[in-house]
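Please look at the sequence and the structure shown here before reading the notes on strands, a helix and charged pairs.

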Amino acid sequence: MTKENEQIQQFSRDGYLYLPGFLSRNQVEEINEQLDTFIRDQLSDMAPEHRKYEVPGEIETLKMLQDLHVYSPFFERLLLESSFSQLAERLLGEPVTGKTLEYFNKPAKIGKATPPHQDGYYFMLKPMSAVTMWLALEDVDEENGWVSYVKGSHKKGMRTHAATQTVGFSQGIVDFGSPADLKDEVHVPAKPGDLLLHHALTIHRAAPNTHPERSRKALGWIYFGESAQEDVAAKKAYVKSLNQRQA
């Protein structure tokens, strides 16, 4: 069996993949340099709803940049990069469209936990043909906010979500934490350049950053399969209500 077929089988079975060393150290360094330059020179160009902080307006607590590809040719190319899009096509079994590229951070000491959720709750697609990719830009472990997945949860449908108080992750699964959830949960440490990816229905969360000095930076890609149809009206209403709550 080829490596590609093994990846497809594992993704289908578990709902997630861990691909160590997907990008080289040099590639990660270039991304980090581009991010530093963007944050220094272009952050004010972003729509307010696309930049989020642990403490509003305090740059050292920056935790999320959404739709980076809209503001930067470098990050637009990264969203369209064939090594990512072709991987998404193999796993979903159909052509894909790159929807967004995002930056995530958990600042040292104050980076909050990411609540357990399913990305598909936000996507509002039928069928739910979508994959999220998460690239570590620095060392990630239990102390500074590693990601965990519930194996096989993508096969069990959408769980009930409700509003959370976590900026950037407005919805969380209300009944998460059953013995079945915790029995199948897998925590994934990562090195710079390691890629994690999961199906839109896979339950996942991330620990808070309790380290006194280390941040936890990553990039995220989202791809939709061509068969996926978005409920545009429902999505627009959700985004409007979300922005009103955060205003």
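The briefing below treats a sheet, a helix and some salt bridges in turn.

This is a predicted model, in which local features need pLDDT of at least 70 and side-chain atom pairs count only at pLDDT 80 or more, while totals for chains, interfaces and linings use all residues. Residues are numbered from 1 along each chain as its sequence is written, and side-chain values use heavy atoms, with hydrogens and water left out.

**Sheet**
- An open, antiparallel sheet is built from 4 strands in the order β5-β13-β8-β11, where strands are DSSP runs (E, at least two residues) numbered from the N terminus, as are helices (H or I, at least four), and two strands pair if DSSP finds at least two bridges between them.
- The edge strands, each pairing on one side only, are β5 (114–117) and β11 (185–188).
- Strand β5 is joined by 2 bridges to β13 (residues 204–206), and Thr114 stands opposite Ala206 in β13.

**Helix α4**
- In helix α4 (residues 73–80), Phe74, Phe75, Leu78 and Leu79 are buried, a term for under 20% relative accessible area, whereas exposed means over 50% and partly exposed in between (1.4 Å probe, protein chains only).
- The face turned away from this buried side carries the exposed residues Pro73, Arg77 and Leu80.

**Salt bridges**
- The structure holds 10 salt bridges, each a side-chain nitrogen of Lys or Arg within 4 Å of a carboxyl oxygen of Asp or Glu.
- One of them joins Arg214 to Asp141, with the closest N and O atoms 3.1 Å apart, and this pair links distant parts of the chain, 73 residues apart.
- Arg214 is partly exposed at 24% relative accessible area, and Asp141 is also partly exposed, at 25%.
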